[in-house]
Amino acid sequence: MTTPSAAPVRPPSASPCPCGSGLTFGECCEPVLTQQRPAADAAQLMRSRFTAHALRDHRHLHHTYLETARKPYVEEKVEGGEPVWTRLVIHSHEPGARPDLAFVDFSAYYKDGDTERALDEKSEFQQIDGHWFYKRSSRIGPAPVKAAPKVGRNDPCPCGSGKKYKQCCGR
């Protein structure tokens, strides 16, 4: 069954921002969503895009996605239900190789029945004429786990005994 997507319902400006920044909606994402000001950096655009997903503001998502930003927005019909987004955790915000590129590593949480699930992603953002745009996902899934460096036989034992590894835990 196809239904038209619901118009975004904006929370009061004084309520906590859905992105979880700790600021009010009026101080954080509302000015970006209403185009009163552009996002200051890629992390702020990521926060506004999460809030747009939570509020079902498809127009903002359309205008901040580099591939569709310069195309006219056309309201689309939505198949089935959309996830209920619950919270956002930004793990890192890193500059790219050029000053107009940045990466944001985050986890966006949503409800799946009675269970909360996470979408882990590292996204690439690009700044054009003072405006940040979501460019693409550079990784979907949790960040790779970095293995601890291997302890050599003659290195101090990591248990803190003060002995060499080969004389302690390496036996």
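These questions and answers cover ring pairs, charges over rings and a sheet in a predicted model.

The model is predicted, so local features need pLDDT of at least 70 and side-chain atom pairs count only at pLDDT 80 or more, while totals for chains, interfaces and linings use all residues. Residues are numbered from 1 along each chain as its sequence is written, and side-chain values use heavy atoms, with hydrogens and water left out.

Q: Why is the pair of Phe125 and Tyr134 called edge-to-face?
A: Rings of Phe, Tyr and Trp (its six-membered ring) pair if their centres lie within 6.5 Å; planes under 30 degrees apart are stacked, over 60 edge-to-face, the rest tilted. Here the centres are 5.8 Å apart and the planes stand at 70°, so the pair is edge-to-face.

Q: What makes Phe125 buried or exposed?
A: Buried means under 20% relative accessible area, exposed over 50%, partly exposed in between (1.4 Å probe, protein chains only). Phe125 has 0%, so it is buried.

Q: How do you know whether Tyr134 is buried or exposed?
A: Its relative accessible area is 14%, so Tyr134 is buried.

Q: What makes the charged end of Arg87 sit over the ring of Tyr109?
A: The rule asks for NZ of Lys or CZ of Arg within 6 Å of the ring centre and within 35 degrees of the ring normal. The charged end of Arg87 sits over the Tyr109 ring, 3.8 Å from its centre.

Q: Why is one side of E3 and of E6 left without a neighbour in the sheet?
A: The open sheet has the order E3-E4-E5-E6, with antiparallel pairing. Strands E3 (84-95) and E6 (131-140) stand at the edges, each with a single partner strand, so one side of each has no neighbour in the sheet.

Methods: Two strands pair if DSSP finds at least two bridges between them. Helices (H or I, at least four residues) and strands (E, at least two) are DSSP runs, numbered from the N terminus.
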